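Thanks for coming, everyone. I'll walk you through one structure today. Take a moment to look at it first.

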Amino acid sequence: MAQVELRGVTKSYDGKTTVIHGIDLEIRHGEFVVFVGPSGCGKSTLLRMIAGLETISGGEVRIDGRTVNDLPPRNRDIAMVFQDYALYPHKNLYENMAFGLRLRKTPEDAIRERVMNAAKLLRIDHMLERRPAALSGGQRQRVAIGRAIVREPKVFLFDEPLSNLDAQLRNEMRTEIKRLHQRLGATIIYVTHDQVEAMTLADRIAVLSAGHKMQYDTPDAIYHRPAALFVAGFTGAPPMNLVDCELAQGAADLGGVRVPLPAELAARGAGQPALKFGVRPENLRLVAAPGDVPVPAEVSLLEPLGAETLVTLKVGRAEVVARCPASFREPPGSAVTLHVAPAHLHLFDAASGAALH
Amino acid sequence: MTLPRGRPLTLLAAAIVVVNGFFPAVWILLTSLKSEAELVSKPITWWPRDPTLANYVQAFTDQPLLRYLGNSLAVAVLSTILSLVVAALAAYAIARLNLRHRQLILTCIVASSMFPLVTLLVPIFQTMRSLGLLNTYTALVLPYTVLNLPVCTLVLVSFFQSIPRDLENAAMIDGCTRLGALWRVVVPLAAPGVFTAGILAFVNAWDEFLLALSLNASASMRTLPVGITLYQGEFTFPWPIISAALVVAIVPVAVLIAVFQERVVGGLTQGGLKG
């Protein structure tokens, strides 16, 4: 277990194009932190810089208070699970897991004990004589995790470990990784492009976009109090409805339809040249609760999902999606009134993308 | 059932290559088992009428064939090992490191193998003489290594490039240095390439005549190709004995290739990654 700190970390390949822009992060002992973002946002690069597989162009990476910028990967006391598993094809499973311990001159009986324990934990103890080629994708990923566990490193790094597995296996492995974290209490940094994986696994999530840290907070805060337009649009499925709006007499004007805003929010938005109005699909309800604000709308599309129905509606000039009960049957063209709690309304500065809360 | 188009032509081409390659070797083997008298008798006998090993006995007694064999083996093995080590390091650098002008470097390596050996002979001879290395194994091991480097490097570059980088990254995180990852992970996985390059280097060194003749002329340092030329007298040309000596020269190479062939074919890299 260890803590990891990034201080103003930058990465530039040729001195001109910067791909990571001065990122500050602090990962606590035993914390499960997920780096999430679309492909090309720099999340894997950042992870590889912590691992020592990429050089650090500026700033500082510290593991347990010690600057590791110039340490080779083998001296950073980290273990990594790769997207493509990266098992040694010429070694059997036992030797794959024992390799790191052998290099560290661990006594043979200690190696055996640690490998057997990890293998039992991951339920691969009956196939240790096999080579990676004889395994399925899920089994290979277990071996890769086992290879990391036996090392008992200070920090575990996971680079999109589930993205090569099919959907069902991915869910199973996700649960397993979460259990593993609870059991080992290890510090884990996990990279994924899948926001569901990020939400379910993380103690804290760092949302990255184009090499910038957009927000670093708990899944709850990321979801309910997104700090930026990008975060609001990236999290949730479907993501937050984001609509251009103008401020008029303490209400958001969505092109003909006015949604009254809480006074505090309206005050923050005043004076901004361009604003975006945001509300999550599940916060647009058909039934009013005390204090709710009514929003007149017109149904334009139904997408039944079984347990619920996604309804696309016209509100003023804009289109929004609402998550409705499966019993919702209003045909396209019919007028309905949506209800939303003022606390669930968001405003963003359209120019900077910053949230105004 | 119709044969796929082009199939008979393909088979014919394959047959031509096989016959062209094997006929001389088989003919030499058959000749080595015939007596001198049978060889010159007409009509030609394809299969030896009276197979004999006498030519082999004579091949070993007329000349110190065993000594030549030992010299050839020493020179070929040493230069092959040296070629592989140096070529592996060079190939790794070209395949993996962020080198500037990588393509130019590769082109230069290819170009350097295009000098005719004859043009290099005199400078090499002079160099070896001034270093006092004439009639030593070193005199042949060094130039053979240098001459084999381009082809070995090229073969290894393409094999190294086919090995996923994350395997090395995993090894470096597990505790290897970059060189350690090369020797423990990359080279074993590139085994087919290493054997291919090794066989090429070995055969080139084993067959080489011009340098061997010029640099190691003394009787005790001769290699097989040079030694075999000495069976002929001014007026005699003992084909059966020369054939026997040639068979002795061919066998080690044939055994080497037969032994390593499986390893060259084996797909060792399967299964470490997804898919």
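Into which domains is chain A divided? Domain 1 covers 4-232, and domain 2 covers 238-349. Keep in mind that this is a predicted model. The centres of domain 1 of chain A and domain 2 of chain A, taken over C-alpha atoms, are separated by 39 Å.

Let me stay with chain A for a moment and show you a sheet. The sheet is open and has four strands. Their order is E17-E16-E15-E18 in chain A, and the pairing is antiparallel. Strand E17 (318-325) and strand E18 (335-340) of chain A are the edges, each pairing on one side only. From one strand to the next, the twist averages 50 degrees.

Now look inside that sheet. Strand E15 (residues 293-304) of chain A pairs with strand E16 (residues 308-315) of chain A over six bridges, in the antiparallel sense. As for individual residues, A:Glu298 stands opposite A:Lys314 in E16(A).

On to chain B. The C-alpha atoms of chain B fill a box of roughly 70 × 70 × 30 Å along the principal axes. Of its 275 residues, 35% count as buried. Take the contacts in chain B between residues at least 6 apart in sequence: 77% of them join residues at least 24 apart.

Next, the two chains together. How many residues of chain B are in contact with chain A? The count is 20 residues of chain B, against 25 residues of chain A. On the chain B side, helix H8 (165-174) and helix H9 (178-189) each supply at least two residues. The largest share, seven residues, comes from H8(B). By class, that side of chain B has eleven nonpolar, six polar and three charged residues.

Is H8(B) mostly covered or mostly uncovered? Mostly covered: nine of its ten residues are buried. Among them are B:Leu167, B:Ala170, B:Met172 and B:Ile173. Charged residues are in that list too, including B:Asp166 and B:Glu168. What do the buried residues of H8(B) pack against? In chain A, they meet helix H1 (43-51), strand E6 (78-81) and helix H2 (93-103). In chain B, they pack against H9. Just after H8(B) comes B:Gly175, with a positive phi of about 135 degrees.

Last topic: the nonpolar cores. The largest one has 151 residues. Which of them touch the most other members? They are A:Leu157, A:Ile189, B:Leu156, B:Phe160 and B:Val186. Helix H7 (residues 137-161) of chain B gives the largest share of this core, 13 residues. Where does the core lie relative to the domains of chain A? It lies between them, because domain 1 (4-232) and domain 2 (238-349) both give residues to it.

Pick out B:Phe160. Leaving aside residues up to four places away in sequence, B:Phe160 touches B:Ala91, B:Tyr92, B:Ala95, B:Arg96, B:Val186 and B:Ala190. There is also a second, separate core, of twelve residues. B:Ala59, B:Ile228, B:Ala244 and B:Ala245 are included in that second core.

That's my tour. Questions, please.

Notes: Residues numbered from 1 in each chain as written. Chains lettered and ligands numbered in written order. Predicted model: local features only at pLDDT ≥ 70, side-chain atom pairs only at ≥ 80, totals over all residues. Contact = placed C-beta atoms within 7 Å. Domains from an automatic or database assignment. Buried ≥ 20, exposed ≤ 12 C-beta atoms within 10 Å, placed from the backbone. Core = buried A, V, L, I, M, F, W, Y, C linked by C-beta atoms within 7 Å. Pairing = 2+ DSSP bridges. Axes fitted to C-alpha atoms, helices over the stretch in contact; angles between N-to-C directions.
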